[in-house]
There are 2 protein chains.
Amino acid sequence: MLVGIDLGGTAIKAGLVDRDGRILLQSSIATNAGRDYRLIIEDMQKQVEKLIKDKGISIDDIESIGIGAPGLMNDRSGYVIYCTNLFWENVPLGIMLREHFNKPVYVENDANAAALAESLFGSTKGAGNSVLITIGTGIGSGIIIDHKIYSGSHYAGAEMGHMIVGPNFYRCNCGNMGCLETFASATAMVKYVIHRLETDKIKSSILDKAEGNTENINSRIIFDAAKEGDQLGIETVDRMIKYLSIGIINVFNILDPEIIVIGGGVSRAGGYLLDKLKEEVGKMLFTSGIKYGDIVLAQLGNEAGLLGAAFIGVNRNRTNKGGCENA
Amino acid sequence: MLVGIDLGGTAIKAGLVDRDGRILLQSSIATNAGRDYRLIIEDMQKQVEKLIKDKGISIDDIESIGIGAPGLMNDRSGYVIYCTNLFWENVPLGIMLREHFNKPVYVENDANAAALAESLFGSTKGAGNSVLITIGTGIGSGIIIDHKIYSGSHYAGAEMGHMIVGPNFYRCNCGNMGCLETFASATAMVKYVIHRLETDKIKSSILDKAEGNTENINSRIIFDAAKEGDQLGIETVDRMIKYLSIGIINVFNILDPEIIVIGGGVSRAGGYLLDKLKEEVGKMLFTSGIKYGDIVLAQLGNEAGLLGAAFIGVNRNRTNKGGCENA
């Protein structure tokens, strides 16, 4: 049996997962981010121990423990290099859990874990090379190459939210100008609407839907307004689609994956988003002479993080086509 | 012994290469692009046969034949999907050579071949993950992942010249607006200088160096003018550096390679280019918490294409760490 943990800024979700990708038992506890990291890791240990007890198994039945968390993770050393949501820097998460449980422990970026889950059990199943782009308050991504998580030489790869795609009216949190997530995340859409309302003094049903309070504006409201023909809504969605398409074209021209999958909260805009995206990307393909990857929506929803985390160890030690260990 | 062929729009360079990467004998013939592809392939066959004869060996001594050419190559099928310089579309290059020589034949994009050569014998030797960016009239690139050429799921990857990085004053040949090669190639630098001379009517020593004729302007002249303090020269180089840095930051944030190597004609600007580039990239790194890849200049020069081509087959069948075939 595998243990998967999805460590977020709000909640820690942990689960027991079998080799077929079935979540047999899971629980969620509050992260209470901001506390000493030792307290958070202690809670996580107790959470896993309770799952094992409740399931009536023992730690000996556990093959490995995998953790997905937002930020930069060094999977070789087990350190969390950097995690904004938890205010963590250089935290020996993997090492502490390994010492406690005396089991193999793997830490990965949560988008990498979700990409793995989609590639094993969801939208990109069977594809050797795939890229997951998760669009929510920010933009995360995970890369699968030759069926395995690819996180780069310094665990800093697959940060597509920080791909620079053009000048914008505000800077990204990372300090750079023009990151994809400042154009195409939910936050970016809201910022753009507020910016336009303030600078152009235009009328929009978005403000009505938000009951006159810009703090209530979210990407769902903007998509709804666009669907109903609201001019600012349409312009905001079109702008988001334009830059997301540039991001996807750049991924095609660099990595040329078999499939690109769109996940995260914004992907709930569903077919409306996907149709527009495919149309725009189609206009920008490098050549009509070859087939490019398909663009699809994620299938596993919120469980992708936990599920993918459980399989990090299995994937790391995966035997690729040749019939032997690769790592 | 290996045969490597660097098929360009002007010349076909072929060579006999040993397993240690020594070019034992080589020759160059004119491509005469525009001819029926069968005539070009026939010339290539004769060229290889002459090398074998001149070296006093037989075709039985040849392990494999590798060809690098600009454009999109399908290495599995042996077809050249698309090659602008040769006016080729869907040409069965690999198939014809395989039938003629009855040997394994591999075709690859020439920048991928050069990236492989640098990774085996040059600037990126020893690095598992590296990226070569060649800057000349256009911008090409080659990606090495886990010591092997990575060309994507449809052989359309590693086209970094067509990464979109911001709006420009002219469109790329590919039809899109804002491709990296319209900002950072030699052609882009020349276009920018002429654009500025025409629109701003400014004075610049670049025009003097070009003997008053804009057709004589090239990137070397522009770099020389910048080094001497010419304002337009400095602005043009700074602009090129700015966008090349964006391209490199995007590569760091997506692929996070161990090393990025700059090759092609523009890399002859050497340390002057490299120092400026490292400074600009340094300002834009995502976090200071981790080590990013080094940026270096290519070492193998014009021979990289031929040398890398020779090793495509060896690389394809490379046994990675696990100790068995991977492909």
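## Domains of chain A

In this predicted model, chain A is assigned two domains: domain 1 spans 2-117 and domain 2 spans 125-299. Their centres, taken over C-alpha atoms, are 28 Å apart.

## Contact between the domains

Domain 1 of chain A brings twelve residues to the contact, and domain 2 of chain A brings 14 residues. On the domain 1 side, β5 (72-74), β8 (105-109) and α3 (110-121) of chain A each supply at least two residues.

What classes of residue make up the side of domain 1 of chain A that touches domain 2 of chain A? That side has seven nonpolar, three polar and two charged residues.

## Relation of the two chains

Chain A superposes on chain B by a rotation of 180° with 0.0 Å of shift along the axis, at an RMSD of 0.0 Å. That is the relation of a two-fold axis. The same surface serves both copies: of the contact residues of chain A, 100% recur in chain B.

## Contact between the chains

How many residues does each chain give to the contact? Chain A gives 49 residues and chain B gives 49 residues. On the side of chain A that touches chain B, β6 (79-83), α8 (231-255) and β15 (324-325) of chain A each supply at least two residues. Helix α8(A) gives the most to that side, with seven residues.

By class, the side of chain A that touches chain B holds 23 nonpolar and 19 polar residues, along with seven charged residues.

Conventions:
Residues numbered from 1 in each chain as written. Chains lettered and ligands numbered in written order. Predicted model: local features only at pLDDT ≥ 70, side-chain atom pairs only at ≥ 80, totals over all residues. Least-squares fit on C-alpha atoms with pLDDT ≥ 70 in both. Contact = placed C-beta atoms within 7 Å. Helix = DSSP H or I, 4+ residues; strand = E, 2+ residues; numbered from the N terminus. Nonpolar A, V, L, I, M, F, W, Y, C, P; charged D, E, K, R; others polar. Domains from an automatic or database assignment.
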